[in-house]
Amino acid sequence: MSEYGVLLVSHVSEIVEGLTALLKEVASDVSITSAGGTDDGGIGSSFDKVQAAVEANQSGKILAFYDLGSSKMNLEMVKEVTDKEITLFDTAFIESAYTASALLQAGVPIEEIKKQLEPLKIK
């Protein structure tokens, strides 16, 4: 298993379910967990779902990718209450999660992964 895991957070559960399936095709040795939608199955973000996805991730260091503002807010709040090291990326959601996962699978050093994600930054 990779030293780093990947966490996906979206307002729509089907988005993270599909993206997780895609990422597991290119990164079978990377722990990938996700949180999508609200607690009642609606569109939105859930602190409890994000926290559960962090705790379910088998890695102690997590690269986190999200779609919209309240997903980021919940990630930031969970980051404050977990012992795991979480790095949030303000990057294009799908493209950066795919890039990071594939590079982790290939054993690329974390600093190089961060460098390769830089052009995907959302400004």
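**Ground rules.** I am working with a predicted model, where local features need pLDDT of at least 70, side-chain atom pairs count only at pLDDT 80 or more, and totals for chains, interfaces and linings use all residues. Residues are numbered from 1 along each chain as its sequence is written, and side-chain values use heavy atoms, leaving out hydrogens and water.

**Entry 1: the cores.** I looked up the largest nonpolar core and found 20 residues in it, with Val 6, Leu 8, Leu 63 and Phe 65 having the most contacts inside it. (Such a core is a set of buried Ala, Val, Leu, Ile, Met, Phe, Trp, Tyr and Cys residues joined through side-chain atoms within 4.5 Å; buried means under 20% relative accessible area, with a 1.4 Å probe and protein chains only.) Two or more residues each come from strand S1 (4–10), helix H1 (13–26), strand S3 (61–66), helix H4 (93–105) and helix H5 (110–117). (Helices are DSSP runs of H or I with at least four residues, strands are E runs of at least two, and both are numbered from the N terminus.) H4 gives the largest share, five residues. Another core lies apart from this one and has 13 residues, including Ile 62 and Val 78.

**Entry 2: H4 and H5.** I checked how this pair is arranged: the axes come within 10 Å and cross at roughly 155°. (Axes are lines fitted to C-alpha atoms, for helices over the stretch in contact, and angles between N-to-C directions run from 0 to 180 degrees.) H4 is therefore roughly antiparallel to H5, a word kept for angles over 145 degrees. On the H4 side, Ser 96, Thr 99, Ala 100, Leu 103 and Leu 104 make the contact, and on the H5 side Ile 113, Gln 116 and Leu 117 do. (Contact means heavy atoms within 4.5 Å.)

**Entry 3: H2 and H3.** Next I turned to helix H2 (residues 47–56) and helix H3 (residues 69–81), whose axes come within 9 Å and cross at roughly 55°. Phe 47, Val 50, Gln 51 and Val 54 of H2 meet Asn 74, Leu 75, Met 77, Val 78 and Val 81 of H3.

**Entry 4: Ala 53.** Is Ala 53 buried or exposed? I found it buried, with a relative accessible area of 5%. Ala 53 sits in helix H2 and touches Leu 7, Thr 33, Ser 34 and Ala 35, leaving out residues up to four places away in sequence. Its C-alpha atom is separated by 8.6 Å from that of Leu 8, 45 residues apart along the chain.

Key:
Buried means under 20% relative accessible area, exposed over 50%, partly exposed in between (1.4 Å probe, protein chains only). Angles under 35 degrees count as roughly parallel, over 145 as roughly antiparallel, 65 to 115 as roughly perpendicular and the rest as oblique.
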